[in-house]
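Me: Hey, can you walk me through this one? I'd like to go piece by piece and ask questions as they come up.

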Amino acid sequence: MNISNSISQQKLKWRIFNDRLFSIVMMSLAFISALPLLSILYQLIKKGYKQIRLNFFIEVAPDTMEAMMAKVNHEIIPGGIANGIVGTLIIVGMASLIAIPLGLICGIYLSETSKGKMAGLVRFVVDMLQGVPSIVLGVIAYIWIVKPVTSGFSALAGSVALSIMMLPSIIRSTEETLKMIPSTLKEAALSLGVPYHRTIFKVLLPTGMSGIATGIILGISRIAGETAPLMLTALGSSAINLDITQPSSAIPLLVWEFYNDPNLIDLIWGASLILLLIIFLLNLGAKAIAKKWKVQY
Amino acid sequence: MESTILNKEDEKIIQIESTILNIDELSVSYGGDKYSIDKVSAGIQKNKITAIMGPSGCGKSTLLRAINRMHELYPETHHKGSITLGGEDIYKINPIQLRRKIGMVFQRPNPFPTMSIYDNVIAAYILNGIKLKRSEKNEIVERSLREVGLWDETKDVLHKRGTFLSGGQQQRLCIARALAYKPEVILLDEPTSALDPIATAKIEDLLVKLKKNYTIILVTHNMGQAARISDYSMFMYLGELVEYGKTKKMFTTPKDERTEAYLMGKFG
Amino acid sequence: MFKLITTDRQNYRMKSERLFQYFLKLSGVLILMMAIGIIVTLIIGSIPTFKEFGFGFIYSPDWNPTEGRESYGALPFIIGTIVTSLLALAFTFPFAFSIALFLGEYFREGRMASILKSMIDLLAGIPSVVYGLWGFYTIKPIIVELGLNAQGFGIFTSSFVLAIMIIPYASSLSAEVINMVPSNLKEAAYSLGATRFEVVKNVIIPNAGSGIFAGFILAFGRAIGETMAVTMLIGNSNNIPTNLFDLGNTMASLIANQFGEADGLKYTSLVAMGLLLFVLTGILNLIGKMIMKKFTA
């Protein structure tokens, strides 16, 4: 009796030790995963902050000769990423113009049609689209737009690739947000004799606004840093270009160009830092909206 | 309807004449051959409170929703029989138009969460895109809130969101919202089931006051409530309208043994 | 007194309701057409390649663009893609699983959880091209220093960076699944005197296992489609890699590198590569989503 008791005592200690060890290992691993983030931020800020002056925002990227001369004379490389900033604004803006209305309407359609073959098929396809690698969408936009429509690389083609990329997340977040809204709100509006489409646009959408807007902003932040599809579509441009049928630069494209040009390589840090800042600000904005616009029902 | 005959012999005639809503052999199904309510016939009296009682699943909510065609929101519903409002077949009217004549209040208070108290009251106008002058809006808001006894409590916070009110106040706001469009009939689907006893008593008092101007149909599974405030009662069981008559009479001398069993608390 | 006349305006209303329903449905049709369009475009674009090489395109190890002796086989890139992604998955597992347990079981709320969660969110927001830079300037020198590989490029390096990139996907899905394990099961185990570690081992893993697995499959699909970071780190060799430190190339990275200047058979072979990539990620994605759906249903 005593012996078995002491054995189980020992076993208990062993079990408790195991439990402690496991939680320590788990917590350490979890926080170690965040180290790369700190390392990346440290690297970008340390090497990039010097480049960020006003000129960096209003001047276009220098060509390789200018940069070389500056380097030889031990000066700061002149120029900035204005062409990339304008290009990103245009390409991402146009992608949003294409994706947001279609995504919203499709999200409404799915949330209002819980059953049915057609809706099931659309859901299946949206799931599938969500997993398509961005580079494949670049190939698609090349074949759909670059060759036949703009007969050459263009900002428009880049926007099409990015819009397909952000569609699934807009559709899904809209659908899920609207489904969470209690059906009694919809009934209340309908019982007042409000037509169906007005009920959706004036009652359901405003009520779900925070969730939908959050989904859209997160979608934008996801495509803002995309490089691969733009290499196949927008290509890049050394000047600021407002014509959407012409090649255009974008901040991630500039990072890629600087990376490949030994004379310009010092500029990658500033450009990456700005890109990261934009994306983080979008993420923060999404969180703030989710909190602030949240509707109590 | 404008009859002035008051002697007892003519009571029956008056009753027939003041039937505002006539339900005739109405059956409603949510799909397939199974009917949730089966061949229900009843004449609803103008400016009275009619309570629909019965154990859960008896079809009382379905009947209520058939009256303003809210049951059609489910895709596969179909019905037989007819309902007439003032002599006109409601299934031949546009449901949108119909629902403005027949207001509805739900189990849980459901003010529109994005709207202020003020906007909630005139929601029917806002959402239907009907433009009103500022003075008209003010008048409707004040009249409707006074009707539900919410004016004094909310007149200083009209532009705050309706969801900040207590549950009972929210429910009165929802009644005000239904009244703003001056409907003929108000349908209430267990309007006090989510409220505490004090808020419930307030709503009950309110309904008794409101019947002067409106015809009220109330689904409840609280027998005491039906006894306290209703003039007529229906008892439904398994989709069938078992008994319909004056509340006092039904509660004292029920005709059907199922009604009696229910009233004695034997089921539901 | 009750005049409910059907007016023209009402008729118009009825029609507009029906129109609105069609309008919603139309958005679904558009999404379907888009998906079908993507598939058809990829298939048509790769017909010349499959005509020339047949299914040999998939298992031929030879990628040779020299004119006259042109021959295109996808095998080195298929192998490169799968090996890189599998290795990345292996690296990710302990970290992502720890994070999932941390957020899904040990610390569901509170400051620690919200710090970790925001860090993971930020990790997910970093663009691929920035990860590539970090890999190039931070990880590559470490690999060289450790003597793992002379130049520091290769499968191992890109897998390591890929692993960090997919941590957010693998961990957030798994955390969700772990969170859904019914608390009454866990409480039952605790009431029998189990330690937390034992609850994880005997209740959470058996119950959430398939969902966690699905989360990792979806993360695997992500890794397969990743382009920029891999392009910058894998060394872009067209040979089948012989060991984990060897140079290699992935399908996505090959498309990014060679699409710009490609024409003729090379172009169609790159489109065919895109098709393979689409099919591969599509299958993985659907398997993952199917398991996930079964789990949540």
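Me: What share of the contacts in chain C with a separation of 6 or more comes from residues 24 or more positions apart?
Reply: That share is 73%. Keep in mind that this is a predicted model.

Me: OK, and what is chain C built from, in terms of helices and strands?
Reply: Chain C has eleven helices and two strands. Starting at the N terminus, the order is α-α-β-β-α-α-α-α-α-α-α-α-α.

Me: Let's switch to chain A. How many helices and strands are there?
Reply: Chain A has 14 helices and zero strands. Its pattern along the sequence is simply α-α-α-α-α-α-α-α-α-α-α-α-α-α.

Me: Why would you call chain A more spread out than a compact globule?
Reply: Because its radius of gyration is 26 Å, well over the 19 Å from the globule rule for 297 residues. Along the principal axes, the C-alpha atoms of chain A fill a box of roughly 85 × 70 × 35 Å.

Me: What about burial and contacts there?
Reply: In chain A, 51% of the 297 residues count as buried. Taking contacts in chain A between residues at least 6 apart in sequence, 73% join residues at least 24 apart.

Me: Pick one helix from chain A for me. How long is α11(A)?
Reply: α11(A) covers residues 209-224, which is 16 residues. From first C-alpha to last, the helix reaches 22 Å, close to the 22 Å expected at 1.5 Å a residue.

Me: Is α11(A) mostly covered or mostly open?
Reply: Mostly covered, with 13 of the 16 residues in α11(A) buried.

Me: Now the place where chains A and C touch. How many residues does each chain put in?
Reply: Chain A puts in 65 residues and chain C puts in 60.

Me: Which element of chain C gives the most to that side?
Reply: That's α1(C), with 15 residues. Other elements giving two or more residues include α3 (75-106), α6 (155-179) and α11 (264-296) of chain C.

Me: What kinds of residues are on that side of chain C?
Reply: By class, 37 are nonpolar, 17 are polar and six are charged.

Me: Time for chain B. What's going on with strand β8(B), is it covered or open?
Reply: Covered. β8(B) is residues 215-219, and five of its five residues are buried. That goes for both faces: B:Thr215, B:Ile217 and B:Val219 are buried on one side, and B:Ile216 and B:Leu218 on the other.

Me: Which strands pair with β8(B)?
Reply: β3(B), residues 49-53, pairs with β8(B) in the parallel sense over four bridges. β7(B), residues 185-189, also pairs with β8(B) in the parallel sense, over five bridges.

Me: How does the chain get from β7(B) to β8(B)?
Reply: It crosses through helix α9(B), residues 197-210, and this β-α-β crossover is right-handed.

Me: What's the strand order in the antiparallel sheet of chain B?
Reply: The order is β2-β1-β4-β5, four strands in an open sheet. β2 (37-45) and β5 (88-89) stand at the edges with a single partner strand each, so one side of each has no neighbour in the sheet. Further in, β1(B) and β4(B) pair in the antiparallel sense over seven bridges, with B:Leu21 opposite B:Leu85 in β4(B).

Me: Last one: how enclosed is α8(B)?
Reply: Largely enclosed by the rest of the structure, because twelve of its 13 residues are buried. Among them are B:Gly168, B:Arg172, B:Cys174 and B:Leu179. α8(B) runs over residues 167-179 and reaches 18 Å from first C-alpha to last, close to the expected 18 Å.

Methods:
Residues are numbered from 1 along each chain as its sequence is written. Chains are lettered from A and ligands numbered from 1 in the order in which they are written. This is a predicted model: local features need pLDDT of at least 70, side-chain atom pairs count only at pLDDT 80 or more; totals for chains, interfaces and linings use all residues. The expected span of a helix is 1.5 Å times one less than its number of residues. A residue is buried if 20 or more other C-beta atoms lie within 10 Å of its own, exposed if 12 or fewer, and partly exposed in between; C-beta atoms are placed from the backbone. Two residues are in contact if their C-beta atoms, placed from the backbone, lie within 7 Å. Ala, Val, Leu, Ile, Met, Phe, Trp, Tyr, Cys and Pro count as nonpolar, Asp, Glu, Lys and Arg as charged, and the others, Gly among them, as polar. Two strands pair if DSSP finds at least two bridges between them. A crossover is right-handed if, with the strands pointing away from the viewer, the path from the first strand over the helix to the second runs clockwise. The radius of gyration is taken over C-alpha atoms; the globule rule is 2.2 Å times the number of residues to the power 0.38.
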